[in-house]
Amino acid sequence: MIRFVLSTALLLGAPHAFGHPSYAMYLMDQEMILVGEVKSFDYTIPHSWLQLTITGDEETAQDWAIEMEGVPQLFPQGIRQDYVTPGDRITVLVHPMRGNRPAGLWQGSIDSQGRAFGRAEGLDPPGPQ
(Lines give C-alpha, C1' and ligand atoms only; values in the text may rest on other atoms or scores of the structure.)
Protein backbone atom coordinates (compact mmCIF):
# COMPACT_ATOMS: atom_id res chain seq x y z
CA MET A 1 0.00 0.00 0.00
CA ILE A 2 2.82 2.42 0.85
CA ARG A 3 4.46 1.71 -2.53
CA PHE A 4 1.20 2.42 -4.32
CA VAL A 5 0.71 5.74 -2.51
CA LEU A 6 4.31 6.83 -3.14
CA SER A 7 4.30 5.84 -6.81
CA THR A 8 0.96 7.58 -7.36
CA ALA A 9 2.26 10.74 -5.68
CA LEU A 10 5.37 10.67 -7.87
CA LEU A 11 3.37 10.19 -11.05
CA LEU A 12 0.94 12.97 -10.24
CA GLY A 13 3.67 15.35 -9.09
CA ALA A 14 6.16 14.67 -11.90
CA PRO A 15 4.52 16.82 -14.60
CA HIS A 16 4.50 19.77 -12.23
CA ALA A 17 8.11 19.30 -11.25
CA PHE A 18 9.30 19.19 -14.84
CA GLY A 19 6.91 21.85 -16.14
CA HIS A 20 8.25 24.84 -14.22
CA PRO A 21 10.38 27.24 -16.25
CA SER A 22 13.90 28.00 -15.19
CA TYR A 23 15.34 31.46 -15.58
CA ALA A 24 18.85 30.32 -14.60
CA MET A 25 20.14 31.20 -18.08
CA TYR A 26 19.27 34.88 -17.57
CA LEU A 27 20.97 37.49 -15.41
CA MET A 28 17.92 38.29 -13.29
CA ASP A 29 19.79 40.99 -11.37
CA GLN A 30 20.60 42.95 -14.55
CA GLU A 31 18.45 44.79 -17.06
CA MET A 32 19.10 46.12 -20.56
CA ILE A 33 17.13 48.39 -22.83
CA LEU A 34 17.22 47.38 -26.49
CA VAL A 35 15.96 49.42 -29.42
CA GLY A 36 15.62 47.56 -32.68
CA GLU A 37 13.64 46.42 -35.68
CA VAL A 38 11.32 43.44 -35.46
CA LYS A 39 12.35 40.45 -37.57
CA SER A 40 9.52 38.23 -36.36
CA PHE A 41 7.10 37.61 -33.51
CA ASP A 42 6.09 34.05 -32.67
CA TYR A 43 2.93 34.16 -30.51
CA THR A 44 3.00 30.63 -29.13
CA ILE A 45 2.65 28.36 -26.12
CA PRO A 46 4.52 27.78 -23.83
CA HIS A 47 6.69 30.81 -24.72
CA SER A 48 6.45 33.52 -27.32
CA TRP A 49 9.56 34.81 -29.09
CA LEU A 50 10.39 38.27 -30.37
CA GLN A 51 13.28 38.37 -32.85
CA LEU A 52 14.94 41.79 -33.13
CA THR A 53 17.73 43.27 -35.21
CA ILE A 54 19.73 45.74 -33.15
CA THR A 55 21.97 48.18 -35.01
CA GLY A 56 24.98 49.30 -33.00
CA ASP A 57 26.95 52.54 -32.97
CA GLU A 58 29.15 51.40 -35.85
CA GLU A 59 26.13 50.41 -37.97
CA THR A 60 26.75 46.72 -37.24
CA ALA A 61 23.56 44.69 -36.98
CA GLN A 62 23.04 41.90 -34.46
CA ASP A 63 20.01 39.64 -34.15
CA TRP A 64 18.55 39.19 -30.68
CA ALA A 65 16.11 36.50 -29.46
CA ILE A 66 13.76 37.76 -26.75
CA GLU A 67 11.87 35.13 -24.77
CA MET A 68 8.41 36.20 -23.70
CA GLU A 69 5.57 34.63 -21.75
CA GLY A 70 3.11 32.38 -23.52
CA VAL A 71 -0.21 33.35 -25.06
CA PRO A 72 -2.24 32.72 -21.86
CA GLN A 73 -0.12 35.28 -19.99
CA LEU A 74 0.27 37.82 -22.83
CA PHE A 75 -3.36 37.90 -23.98
CA PRO A 76 -4.73 39.44 -20.75
CA GLN A 77 -2.04 42.14 -21.01
CA GLY A 78 -3.44 43.14 -24.41
CA ILE A 79 -0.70 41.52 -26.49
CA ARG A 80 -2.15 39.79 -29.53
CA GLN A 81 -0.66 38.03 -32.55
CA ASP A 82 -0.49 41.37 -34.38
CA TYR A 83 1.36 43.04 -31.47
CA VAL A 84 4.25 43.80 -33.82
CA THR A 85 5.05 43.01 -37.44
CA PRO A 86 8.38 42.68 -39.25
CA GLY A 87 9.93 46.09 -39.83
CA ASP A 88 8.33 47.73 -36.76
CA ARG A 89 10.69 49.52 -34.38
CA ILE A 90 10.38 48.76 -30.67
CA THR A 91 12.07 49.47 -27.35
CA VAL A 92 12.35 46.43 -25.08
CA LEU A 93 13.42 45.96 -21.45
CA VAL A 94 15.08 42.56 -20.88
CA HIS A 95 17.10 40.55 -18.43
CA PRO A 96 20.11 39.62 -20.60
CA MET A 97 21.19 36.04 -21.15
CA ARG A 98 24.33 34.80 -19.45
CA GLY A 99 27.53 34.50 -21.46
CA ASN A 100 27.16 37.69 -23.50
CA ARG A 101 24.77 35.96 -25.89
CA PRO A 102 22.36 38.15 -27.89
CA ALA A 103 19.22 37.05 -26.08
CA GLY A 104 17.08 38.17 -23.19
CA LEU A 105 13.98 37.63 -21.10
CA TRP A 106 11.25 40.19 -21.89
CA GLN A 107 10.11 42.44 -19.07
CA GLY A 108 8.28 45.15 -20.99
CA SER A 109 8.21 47.13 -24.21
CA ILE A 110 6.92 50.21 -25.96
CA ASP A 111 6.36 50.51 -29.69
CA SER A 112 6.77 53.48 -32.03
CA GLN A 113 3.09 54.42 -31.50
CA GLY A 114 3.62 54.65 -27.73
CA ARG A 115 1.75 51.45 -26.84
CA ALA A 116 3.35 50.10 -23.65
CA PHE A 117 3.17 46.55 -22.28
CA GLY A 118 4.65 44.87 -19.22
CA ARG A 119 7.20 46.85 -17.20
CA ALA A 120 7.47 49.74 -19.63
CA GLU A 121 7.77 52.59 -17.12
CA GLY A 122 10.63 54.86 -18.16
CA LEU A 123 10.97 53.37 -21.65
CA ASP A 124 10.89 55.78 -24.57
CA PRO A 125 9.28 54.92 -27.89
CA PRO A 126 11.91 54.12 -30.50
CA GLY A 127 12.91 56.91 -32.84
CA PRO A 128 13.26 56.48 -36.59
CA GLN A 129 16.18 54.39 -37.83
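The largest nonpolar core of this predicted model has 20 residues. Leu50, Leu52, Ile66, Ile79, Tyr83 and Trp106 have the most contacts inside this core. Several elements give two or more residues to the core: β1, β2, β3 (61-68), α2 (71-74) and β4. There is also a second, separate core of five residues, which includes Tyr26, Ala65, Met97 and Leu105. In soluble globular proteins, nonpolar side chains tend to be buried together.

Take leucine 50 next. Leucine 50 sits in strand β2. Is leucine 50 buried or exposed? Its relative accessibility is 0%, and buried means under 20%, so leucine 50 counts as buried. Now look at what surrounds leucine 50. Leaving aside residues up to four places away in sequence, leucine 50 touches Val38, Ser40, Phe41, Trp64, Ala65, Ile66, Met68, Val84 and Val92. Lysine 39 is 11 residues from leucine 50 in sequence, and their C-alpha atoms are 7.8 Å apart in space.

Isoleucine 79 is another of the core residues with the most contacts.

Now turn to strand β4. Eight of its eight residues are buried. Arg89, Thr91, Leu93 and His95 point one way from the strand. Ile90, Val92, Val94 and Pro96 point the other way.

Which strands does β4 join? Six bridges link β4 to β1, and the two run antiparallel. Seven bridges link β4 to β5, also antiparallel. Glycine 36 stands opposite isoleucine 90, and isoleucine 90 stands opposite aspartate 111 in β5.

Follow the chain from β4 into β5. The hairpin of these strands has six residues between them. Here glycine 99 takes a positive phi near 80°. Asparagine 100 lies in the loop between β4 (89-96) and β5 (103-111). Asparagine 100 also has a positive phi, about 60°, although it is not a glycine. Most residues other than glycine have a negative phi. Asparagine 100 is exposed, with a relative accessible area of 79%.

One more loop deserves a look. Which peptide bond is cis? The bond from isoleucine 45 to proline 46 is cis, with omega near 10°. Most peptide bonds are trans. Proline 46 is found in the loop between β1 (32-42) and β2 (48-55).

Conventions: Residues are numbered from 1 along each chain as its sequence is written. This is a predicted model: local features need pLDDT of at least 70, side-chain atom pairs count only at pLDDT 80 or more; totals for chains, interfaces and linings use all residues. Side-chain values use heavy atoms; hydrogens and water are left out. Helices (H or I, at least four residues) and strands (E, at least two) are DSSP runs, numbered from the N terminus. Buried means under 20% relative accessible area, exposed over 50%, partly exposed in between (1.4 Å probe, protein chains only). Contact means heavy atoms within 4.5 Å. A nonpolar core is a set of buried Ala, Val, Leu, Ile, Met, Phe, Trp, Tyr and Cys residues joined through side-chain atoms within 4.5 Å. Two strands pair if DSSP finds at least two bridges between them.
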